[in-house]
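I opened my notebook to get to know this structure. Here is what I looked up, entry by entry.

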Amino acid sequence: MNKKGLWTLFGLLLLVVLTVSGCSNDQAGTEEDTGDETAEASDDAEGSEGEKTLVFGRGADSVQLDPSQITDGESIYVTNQVYDTLVRYKEENTEVRPSLATEWETSEDGLVWTFQLRDDVTFHDGTDFTAEDVVFNFERWATSADFIYYGYMFGATEDNLKGIIEKVEATGDYEVKFTLSEPNAPFLFTLAMPPFGIASPEAVEEHGEDYFKNPVGTGPFVFEEWVKDDNITLVKNDDYFGEPAKIDKVIFRTIPDNGARFMELQSGSIDVMNGLNPQDIQQAESDENLQIIRRPSMNVSYMAMNTDQDGPMGEKEVRQAINLAIDKEKLLTLFEGVGKAAKNPMPPSLWGYNDDVEDYGFDVEEAKRLLAEAGYADGFKVTLYSMANPRPYLPQPKVTAQAIQEMLAEVNIEVEIVENDWDSHLAATENGEHDMAFLGWTGDNGDPDNFLYVLLDKDNAKLGSAGNIAFYKNDEVHDLLKQAQTEMDQDKRSELYMQAQELIHEDAPWFPIAHTTPPLAANKDVVDYLPHPTGSEPFNFLDINN
Amino acid sequence: MPALPQTTNPPELPGPKNNASAKSSSLWLDALSRLVKSKTSFIGLCIILLLIVIAIMAPIVATHSPTDQQLLNRYLAPSAEHWLGTDELGRDIFSRIVYGTRISIQIGVIAVGISAVIGILLGGIAGYFGRWIDQVIMRIIDIMMAFPSILLAIALVAVLGPSLTNAMIAVGIVGVPQFARIVRSTVLSVKETEYIEAARAIGAKNNRILFQHVLPNCLAPIIVQATLSVGTAILDAAGLSFLGMGAQPPSPEWGAMLSDGRAALQTAPWVVAFPGLAIFFVVLGFNLFGDGLRDALDPRLKQ
């Protein structure tokens, strides 16, 4: 029986070793299977025809592949390859360049926009692209509140599903005319946003409800396959009207764990990854096979407080106290140098940023005083909803949540952390189930409107599709933001946004966390990868050296 | 868990002592002496005792608070100040492990308590009454055994919601089949013995026979199983916490510590190494001791 004891010991040792390396092994195990296949596939192909495959590793899967129905970066990453918009952003910034539209003009009052379209474009399903297709798409987005971004950007509501776009007409085979009900300063830049990618009407009608799984656009890559929570495969569009892709295939792989994803990059089973653990940056820099690509900063991460409730979160003093009770400087050490402290809801790289706003600072005594004033000296319990998956603007949500939990305990606020997967986190917060919640935003069009109006206007505080998950409703702010939308002069707009930031700071619907420079790590063989400030870039410019 | 004391009927346990003739007490004494002589089980016993002492004395043993964060001192390597280093939030790993001992013992005792109570009842009833009751109970047990234990536990937690209490309940339920099968087989052999026939002959009722005569004489294998199960229960609960379905932050549960630290597996291996070792030693301790107990209580091994 002593021998048996020894065997037990040995077995246990094995068990513990497995537990220690447990999860990463588990994941690596399943991921490797697909990884090997793809690697083999690309090896075979490279051997015979020199086919180039880019494997992109990321922390969460896409939610849907119909860009008009989502707001999350992981979906946009993919749809940005499959669809084209009327105009596109330049490779490095948010200025626009021609895409499906070659030229455009606007009437003097800013209400009528006319676009000339390309006549040589076909959709991936073989149908020709015409002005009627543009009309079809815009009319489709104006049929239901499900088209979230359309609502965010064009002010559509349940009562007025069209928003400010009164009419879209095909005035020729390749000419389309927009008539707006009021001038909209960011209009042209908004049209370049990936959510307004033009879909093939035939495919939309054919697939109906399932269209989000079968995207058909005109972009540089054609959708091939989606294995939920595992991978999405795209192949090169040989008939692309623009710069043709230099690689033949793109595979987006979901690898939730940052560390596991980094190990796969090191072992070569993926070529590019986002969501690098801050503490792994140094290691990647010292690895001669890897490079760090830093995305220009145009984002913000924040903890929204659900202002739309009778409890403590509804009280301005409490929200200010929470801002005072969290030591932001210390919290920022969790970002290991990729993040700068945020005090406003928009990044300092945008015009209209109000640098005169003074952050609350860290002052526990003042926080306690404010809490006592609001009648919560003895504290209270709140939930903090956090995403399980790392985000570019918040690389370590779980650890950040725990740090805030500990800091708020100092002022008797007991925080319960509720951790959900990315898509359930989005659904829960849009639905207002939280007291406090982490979220962040990467700018889509380089306009302050895209931060302030989308994230903090009362128009976007609708349960179920909220961009404003603080459910912050301030009429004064609303008026300023609406005024800024219709004002065409940028200096005047800038002034209005600065005022809005003052008011928002005072009401404290958020605890703004950070603006990050999200690092991507890539194999050295990947060249000409141009990270775009909006958070995703078309892959037709990059190449892979052999 | 409040159900625990009510369902066990503790008064029945003194059974063996009541009919404690010189012979039966020497059975237990024999076992004890054999247990102490076995080196492996002695080591196991030492580990368990050490664990209990640490759990009781946690505030004295620990050098820091288990939840105090020093964000400027993250991922420090082991040093004189932080014996086992610091974790991703600058918390002292040694102190967290020390406090985690309490949680692990709690998990072990409560989860195995749940398994034992339900398992003994089901196994006893199945074995004693036989026929269709036996069939029904044992087929349910078979179904439970068809699931990998961790999978069943995950499913239970998914239904109950993630928390340490629910993890203990889940692990407890998962452990039921082990007890039920062992108790049933022992009851099957015990109920054929002469003293049971004698009890029946003087007109004792079923309940009385089962709880006062049969079950107390099945105690030895139950004790062995319970000891061995504590190790497995701690391991399973750590697994659930690792998956985020057990202890919630900032609780210093060892499995949760493993899970939180794995992001830094390459750069700060001590964050996962020490909680891993802690789990290893505790499980090892209970298994060694359990093995020793089994040998000691097995009359066939008597020299």
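**Notebook: chains B and A**

I began with residues 267–290 of chain B, a span that is 88% helix and 0% strand, with its end C-alpha atoms 37 Å apart. By helices I mean DSSP runs of H or I of at least four residues, by strands runs of E of at least two, numbered from the N terminus.

I noted that this is a predicted model, where local features need pLDDT of at least 70 and side-chain atom pairs count only at pLDDT 80 or more, while totals for chains, interfaces and linings use all residues. Residues are numbered from 1 along each chain as its sequence is written, and chains are lettered from A and ligands numbered from 1 in the order in which they are written.

Next I checked the unreviewed UniProt entry, which annotates "transmembrane region" at residues 42–62, 103–129, 141–161 and 267–290 of chain B. Such annotations may be inferred rather than shown by experiment; feature names are shortened, and positions follow the numbering used here.

I looked at residues 141–161 of chain B too: 86% helix, 0% strand, end C-alpha atoms 24 Å apart.

The unreviewed UniProt entry also places "domain: ABC transmembrane type-1" at residues 101–290 of chain B. I found that span to be 81% helix and 0% strand, and its end C-alpha atoms lie 19 Å apart.

Then I turned to chain A, where I found 17 helices and 21 strands. Of its 546 residues, 54% are buried (20 or more other C-beta atoms within 10 Å of the residue's own, with C-beta atoms placed from the backbone).

Methods. Buried ≥ 20, exposed ≤ 12 C-beta atoms within 10 Å, placed from the backbone.
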